[in-house]
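User: Hi! I'm new to reading protein structures. Could you walk me through this one with some questions and answers?

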Amino acid sequence: MSYSVLILLASLCIATMALRQILSTNLELSEFERGLKKLPDSKFPDGLIFQGRRESSKLATEFLRLCSHAAERQMLGALDVERASAPLGNYFRTRVNTPRSLAGVLVLCGLLVTLLNLQGSVGTLGASFQHLSENQTDISPSTAARSVKEIQTAMGEIAGRARDAFQQSFLVILSAALVLGLTLLLNNRAQRAFRDLTIWANAT
């Protein structure tokens with residue numbers, strides 16, 4: 001099995017990991033947004049609003065607990081909402097950055113596929129020219145015709161490998177672009193949900 005095939009298989013695994021991470025984070029955000037809709041308008045909740053078992057629900061519950069305790073002690077003005085909600089914001093950024101990093105790895109895999117395929121084809125052409133230089137003493141028409149045929153065959157092989165390399169690289173980089181696009185949408189959704197929570201806390 002060639003290295004390019006191994007890289008293609010690795011790229012498929014990486015793309016699958018990235019898409020699973022995006023799907024998992026989307027489901028987590030849906031759960032988080034359902035909790036946001038349950039927040040009362042004029043006071044901090046006494047009960048448990050974010051009831052999920054995911055990390056974002058735990059961090060949001062901890063943030064609400066800090067706000068509730070500050071309100072009970074009439075020290076809400078001294079509470080730094082941005083600082084108190086920082087762990088939740090950092091968690092969402094980590095969830096988004098993971099598939100984004102995997103997309104960068106996919107781009108590198110696409111370039112490696114191209115380089116490995118082209119390296120093999122250039123090696124074939126180099127062997128043909130070397131064979132031609134070794135047979136320069138024999139300048140008979142049959143030898144010349146055979147050398148020209150070998151070079152033409154090598155050039156055709158280079159063209160074929162280059163086509164395959166660009167097609168494979170295109171598929172890998174296209175998957176990276178898909179992951180990046182979905183990550184951008186995911187990042188916008190996560191920032192919007194986090195901003196809604198902080199705006200609610202500041203207005204309450």
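**Salt bridges, core and rings**

Analyst: Happy to! Please keep in mind that this is a predicted model.

User: Is E28 buried or exposed?

Analyst: A residue counts as buried when its relative accessible area is under 20%. E28 has a relative accessible area of 2%. That value falls under the cut-off, so E28 is buried.

User: Which residue forms a salt bridge with R189, and how many residues apart in sequence are the parts that this pair ties together?

Analyst: The closest N and O atoms of R189 and E33 are 2.9 Å apart, and the two form a salt bridge. R189 lies in helix α5 (residues 141–203) while E33 lies in helix α1, so the pair ties together parts of the chain at a separation of 156 residues. The partner is E33, and the parts are 156 residues apart in sequence.

User: Does E33 count as buried or partly exposed?

Analyst: Buried would need a relative accessible area under 20%, and exposed one over 50%. E33 has 24% relative accessibility, which lies in between, so E33 counts as partly exposed.

User: Why are E62 and R65 separated by about one helical turn?

Analyst: The side chains of E62 and R65 meet in a salt bridge, at 2.3 Å from N to O. Both residues sit in helix α2 (residues 55–72). They are about one helical turn apart because their spacing in that helix is 3 residues.

User: How many salt bridges does the count come to?

Analyst: Side chains of opposite charge can pair when their charged atoms come close. A salt bridge here needs a side-chain nitrogen of Lys or Arg within 4 Å of a carboxyl oxygen of Asp or Glu. By this rule, the count comes to 3.

User: How are the planes of F32 and F92 arranged in their aromatic pair?

Analyst: A search of the whole structure finds 3 aromatic pairs. In one of them, F32 and F92 are 5.3 Å apart centre to centre, with 80° between the planes. Planes over 60 degrees apart count as edge-to-face, so the pair formed by F32 and F92 is edge-to-face.

User: What kind of aromatic pair do Y91 and F92 form?

Analyst: Both Y91 and F92 are buried. Their rings are 6.0 Å apart centre to centre, with 50° between the planes.

User: Is Y3 buried or exposed?

Analyst: Y3 is found in helix α1 (residues 3–37). With V5, L6 and L9, Y3 forms a nonpolar patch on the surface, and together they have about 390 Å² of accessible area. The relative accessibility of Y3 is 62%, and since over 50% is the cut-off, Y3 counts as exposed.

How values were computed. Residues numbered from 1 in each chain as written. Predicted model: local features only at pLDDT ≥ 70, side-chain atom pairs only at ≥ 80, totals over all residues. Heavy atoms only, no water. Patch = residues over 30% accessible without salt bridge, like charges linked within 9 Å, V, L, I, M, F, W, Y side chains within 5 Å. Areas by Shrake-Rupley, 256 points an atom, 1.4 Å probe, with all protein chains shown as cover. Helix = DSSP H or I, 4+ residues; strand = E, 2+ residues; numbered from the N terminus. Buried < 20%, exposed > 50% of the residue type's maximum accessible area, 1.4 Å probe, protein only. Phe/Tyr/Trp six-rings, centres within 6.5 Å; stacked < 30°, edge-to-face > 60°.
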